Amino acid sequence: DAAVAAAQSTAQGQSQADDQTRDGIEPMPSAIAAAAAAAEGDEGGPLRKFPADFAGEAMEVARDAGLVAAGDGDQQADIDESIQEMIADGIFTEAECQQFASLAACAGAAAAAELLGDGSDLEEKQQAFTDAREPKPEAISEELWKRTCELCWSGSLWACAEQAGDDARAAKEKRAFQRHGRAIKGFGPGMGPTDPAVYEQRATELMPSNVIMFSGCMDNQTSADVSNTASFGLPSDAGPGGAGGACTNSMIKALHEQPEYSWANLLKRMREILDGNYTQIPQMSSSHSVDLSTQFSVTHYESSGKFRALLVGINYVGTSAELAGCHNDVETMRRHLEEQGYPEGETRLLLDDGEHDVPDKANIEAGFSWLVEGAAAGDSLFFHYSGHGASVRDDDGDEADGKDEALVPVDYKEAGLLRDDDVFKLLVGPLAEGVQLTCILDCCHSGTILDLPYMFKADDGSLAAVEDGGFTEMQENPAFDFGKIIQVIQDHPGLAAGVAVVGAIGLAAFTAMAANNESQGGVDVENMVGTAMNLASRFFG
């Protein structure tokens, strides 16, 4: 298990000897190379994604070849049928389709030798799988062929791990298989629609709510735990004083100086307050494109009158990673929210101070569920986290940088981290259209922890561009993965985002899938939404 590293004695660029960084875990190398840059090849050039039907047939062959290798010979007839359908599609020549069938079979044999055999012929089987990759089919790109080979390998490992009774390995390889399946259909980090209007429409359909997140720093930066927030010059009634987070306190100082800012100007003022002592660069991300010249607010512009807030502060008391200012950050933010109309009875605090509910993983997850429960259009929700953040190896391989960003609960050693995928599933995915959720994450490696499609980094160049009129709208997140969000919907069909994307794909088509499944003895939701993934790949072009 990864352990939270001891908090460093000084933050980058700080002169205060007793300030710390909220850096939970050292970055780990990626297990899988980042996906190729998005965009279709030039007209007439090699394909960078397969048509939906062809991709679906390739996935069936890859999965069935693994099942055959694991001992289920009945699947061979299905492989033969899928290969004939691939030949009819005309993407590969007949010889190339047969090569693909051989590739899948060799992957199955190698996986069986690794997981089900005694290992005596493993090297031979692995070499046969390597040899089967050549030559690359002429019609497709190197990256697409690489992904297709990885699809075959993960599909075979999934089947053989199931046969071996290794549930953990099977689950891991299933996720890899799904990821490679998304990639060959044209989904992956940065592989969304290239037309800005289409990008925004698709993002809105996947995330109908309005989610805006301020993070204390970019993913590759650490965030400071300040030894004495008096250096910020906050009014005495703004918070309890003492230690605190640089992000939280720079924001509150700016808002005490003047109550109204545009989104860009608030970030600019925070940078000015931090400048000279702290190197971290605040960042803003959102589910929709936000006009940066409009007014910052933690309340819905058409408020329903419902306000709810979850505030989490973790000092990791008594550990080698102890922080000093996270409880103070929560109190400072609570006072500010009270001034903005958030009632005490609708504000939940999680603190490791022996007086409040403990901020362990289970309570934070329960807090997310409480925060979003029953939320409707016009509601104002707020989430504030002050504690350690982590950047760890991405087990699913669905991050462009090969890492997952994560929150670090107080019981992380026993219960594990709260990774960005889980935070999205619990906090963003359930929200309906018209809900506003504002998040402030005062921790390290927090830049993209909610996996949102738009972003703005408050570096000097970006702030200058906004001031000069170079752009006023938030920019598309170059690493955003539409397919990853659709996969979350597939895994959790009840999410509000799932309802939206199914509606966009076509209710009639989804109803037809349901009727077909019902006629065969029951509604297979996983199969229905998996088929919706194929429809979505057509829908996204």
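Reply: Strand 8 and strand 12 (residues 436-442) run parallel and are paired over seven bridges; two strands count as paired if DSSP finds at least two bridges between them. Helices (H or I, at least four residues) and strands (E, at least two) are DSSP runs, numbered from the N terminus. Across this pairing, His-384 is opposite Ile-440 in strand 12. The model is predicted: local features need pLDDT of at least 70, side-chain atom pairs count only at pLDDT 80 or more, and totals for chains, interfaces and linings use all residues. Residues are numbered from 1 along each chain as its sequence is written, and side-chain values use heavy atoms, with hydrogens and water left out.

Strand 6 is also joined to strand 8, in the parallel sense, over seven bridges. Here Phe-307 stands opposite Ser-380 in strand 8. Strand 8 is largely enclosed by the rest of the structure, because seven of its seven residues are buried. Buried means under 20% relative accessible area, exposed means over 50%, and partly exposed lies in between (1.4 Å probe, protein chains only). In a regular strand the side chains alternate between the two faces of the sheet. In strand 8 both faces are covered: Ser-380, Phe-382, His-384 and Ser-386 are buried on one side, and Leu-381, Phe-383 and Tyr-385 are buried on the other.

How is the sheet as a whole arranged? It is an open sheet of eight strands in the order 7-6-8-12-2-5-13-14, with mixed pairing. Its edges are strand 7 (347-351) and strand 14, each with a single partner strand, so one side of each has no neighbour in the sheet. Leu-311 has Leu-349 of strand 7 as its bridge partner.

The pairing takes the antiparallel sense between strand 5 and strand 13 (residues 454-457), which are joined by four bridges. The bridge partner of Tyr-454 in strand 14 is Glu-476.

Next come the charged side chains. A search of the whole structure finds 16 salt bridges, a salt bridge being a side-chain nitrogen of Lys or Arg within 4 Å of a carboxyl oxygen of Asp or Glu. One of them links Asp-379 and Lys-306, at 3.9 Å from N to O. Asp-379 lies in the loop between helix 11 (361-372) and strand 8 (380-386), and Lys-306 in the loop between strand 5 (283-286) and strand 6 (307-313), so this pair ties together parts that are 73 residues apart in sequence. Asp-379 is buried at 4% relative accessibility, whereas Lys-306 is partly exposed at 25%.

Other salt bridges lie within a helix. Glu-143 and Arg-147 form one, with their closest N and O atoms 3.7 Å apart. These two residues are four apart in helix 5 (residues 142-164), so about one helical turn separates them. Glu-143 counts as partly exposed at 24% relative accessibility, while Arg-147 counts as buried at 7%.

In helix 10 (residues 326-339), Arg-334 and Glu-331 are three residues apart, about one turn of the helix. Their side chains meet in a salt bridge of 2.8 Å, N to O. Arg-334 is partly exposed at 22% relative accessibility, and Glu-331 is partly exposed at 21%. Salt bridges with shared partners also join Lys-253, Glu-257, Arg-269 and Glu-272 into one network.

Which residues form a negative surface patch? They are Glu-60, Asp-74, Asp-78, Asp-80, Glu-81, Glu-85 and Asp-89. Patches are made of residues with over 30% relative accessible area and no salt bridge, with like charges joined within 9 Å and nonpolar side chains (Val, Leu, Ile, Met, Phe, Trp, Tyr) within 5 Å. Accessible areas come from the Shrake-Rupley method with a 1.4 Å probe, and for residues only the protein chains shown count as cover. Asp and Glu count as negative and Lys and Arg as positive, while His and the chain ends are not counted. Helix 2 (residues 76-89) gives the most to the negative patch, with five residues. Asp-80 lies in helix 2 and is partly exposed, with a relative accessible area of 41%.

Definitions and conventions
The place of a charge is taken as NZ of Lys, CZ of Arg, CG of Asp or CD of Glu.
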